[in-house]
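Subject: Structure handed over, with notes

Dear colleague,

Please find the structure below, together with the notes I made while going through it.

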Amino acid sequence: MKSKTKKALLLLASTVVFIFIIFKSIVGFADFLDVVKNVKMSFLGLAVVVGFTGPVLSTLRWQMALSLNGARTRFAKIFSVIMAAWPLSLLPARAGDFVRSYPLRHEINPAVSVSATIFEKIIDISALLLISGFGFFYLELYGYGLFFFLLAISLIPLLFLAKTILRYLPEFVSKKLGALFVTFRFADLGSKFFGFALTASLINWLASMAELYLLFAAFGARVALADVMAYLPLAIFIGLLPITIAGIGTRDSAIVAFFLSQATPAQSLAAGVGYSFIGYFLFAIIGIPFFVREFGLLSGDHDVRDAIP
């Protein structure tokens, strides 16, 4: 636990430093407050409403990934587990998603749950890259568009290639990692569950982009939706760097940089902060009761602490 506490404190310190740098050298604090004070509540409210599709679509995506791995359980149960893991989404690169297997351990083999989570994340990243590619093509930046398209369609084959490579690694490595790949079958890519998972992921990311678009409008900036489609995925990937809490500072700085021609730094920062609050902190707060229930914190079952990265 000492090492986990040390990591948490380092992340907190890094986050504070990033916030300080942003307000010191990129965005004036007074300008930021001025933009926030003049927010258009109608657009902000719409952004929040759109944001609430996230947990539902995330639940559907993981349910389809589990079904693809031969594991079936109720939508309501999976929704509860997804919400329970949301407070842990504040961990770098959303590493907390991998503890979802704990509440389902009596219903689904943990190796299958983790395997489904890995596959779900690959599907999710592929969907995000596809949307970014479409955005760049619309902006007539064909080289970038083609690059992201090729990357998107290569990720899943690379996953199966990794499964094959495991056979040639030392036994102590292949045994540990092999369980995570045991349920992956190339034939499953023709399954309706794969199609549903990919569709849910595409809709989820399009909703996220609509959310950021509305947030820009709420803070007085008019940005092109195609630019949001092209550049938000890059900002999200930058935010996954394990150096701040929930990508605070890193993702926001990227959003400021990518939209300099269409919004002031203060408007971009306000939109980025709104995006972080809705997508991470709001649902993390809502997820606390689910976390307490699903991880047995009221029943004295504290073994889950060892499962949290």
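**Ser113 and its surroundings**

Leaving out neighbours within four places in sequence, Ser113 is in contact (heavy atoms within 4.5 Å) with Trp62, Leu66, Ser101 and Ile108. Ser113 has its place in helix 6, where helices are DSSP runs of H or I with at least four residues, strands are runs of E with at least two, and both are numbered from the N terminus. With a relative accessible area of 1%, Ser113 is buried; buried means under 20% relative accessible area, exposed over 50%, and partly exposed in between, with a 1.4 Å probe and protein chains only.

Before going further, please note that this is a predicted model, in which local features need pLDDT of at least 70 and side-chain atom pairs count only at pLDDT 80 or more, while totals for chains, interfaces and linings use all residues. Residues are numbered from 1 along each chain as its sequence is written, and side-chain values use heavy atoms, with hydrogens and water left out.

**The protein as a whole**

The secondary structure comes to 13 helices and 0 strands. Of the 309 residues of the protein, 49% count as buried, and among the contacts with a separation of 6 or more, 74% are accounted for by residues 24 or more positions apart. The protein exposes about 15,100 Å², of which carbon and sulfur atoms supply 71%; accessible areas come from the Shrake-Rupley method with a 1.4 Å probe, and for residues only the protein chains shown count as cover.

**Helix 4 and its two partners**

Helix 4 (residues 53-68) packs with helix 6 (residues 110-138) at an angle of about 120°, their axes being 9 Å apart. Helix 4 is therefore oblique to helix 6, given that angles under 35 degrees count as roughly parallel, over 145 as roughly antiparallel, 65 to 115 as roughly perpendicular and the rest as oblique. The axes are lines fitted to C-alpha atoms, for helices over the stretch in contact, and the angles run from 0 to 180 degrees between N-to-C directions. On the helix 4 side, Ser58, Arg61, Trp62, Ala65, Leu66 and Leu68 meet Ser113, Ala116, Thr117, Phe119, Glu120 and Asp124 in helix 6. The residues of this contact divide into 6 nonpolar, 3 polar and 3 charged, where Ala, Val, Leu, Ile, Met, Phe, Trp, Tyr, Cys and Pro count as nonpolar, Asp, Glu, Lys and Arg as charged, and the others, Gly among them, as polar.

With helix 9 (residues 192-218), helix 4 packs at an angle of about 160°, and the axes are 8 Å apart. That makes helix 4 roughly antiparallel to helix 9. The residues of helix 4 in this contact include Gly54, Leu57 and Met64, and those of helix 9 include Phe193, Ala200 and Asn204. By class, the contact of helix 4 with helix 9 has 11 nonpolar, 6 polar and 1 charged residues.

**Two further residues**

Ile122, which lies in helix 6, counts as buried at 16% relative accessibility. Not counting residues up to four places away in sequence, Ile122 touches Leu155, Ile156 and Leu159; Leu159 is 37 residues from Ile122 in sequence and 8.1 Å from it in space, C-alpha to C-alpha.

Glu140 lies in the loop between helix 6 and helix 7 (142-165) and, at 56% relative accessibility, counts as exposed. Glu140 has a positive phi of about 65° although it is not a glycine. Most residues other than glycine have a negative phi.
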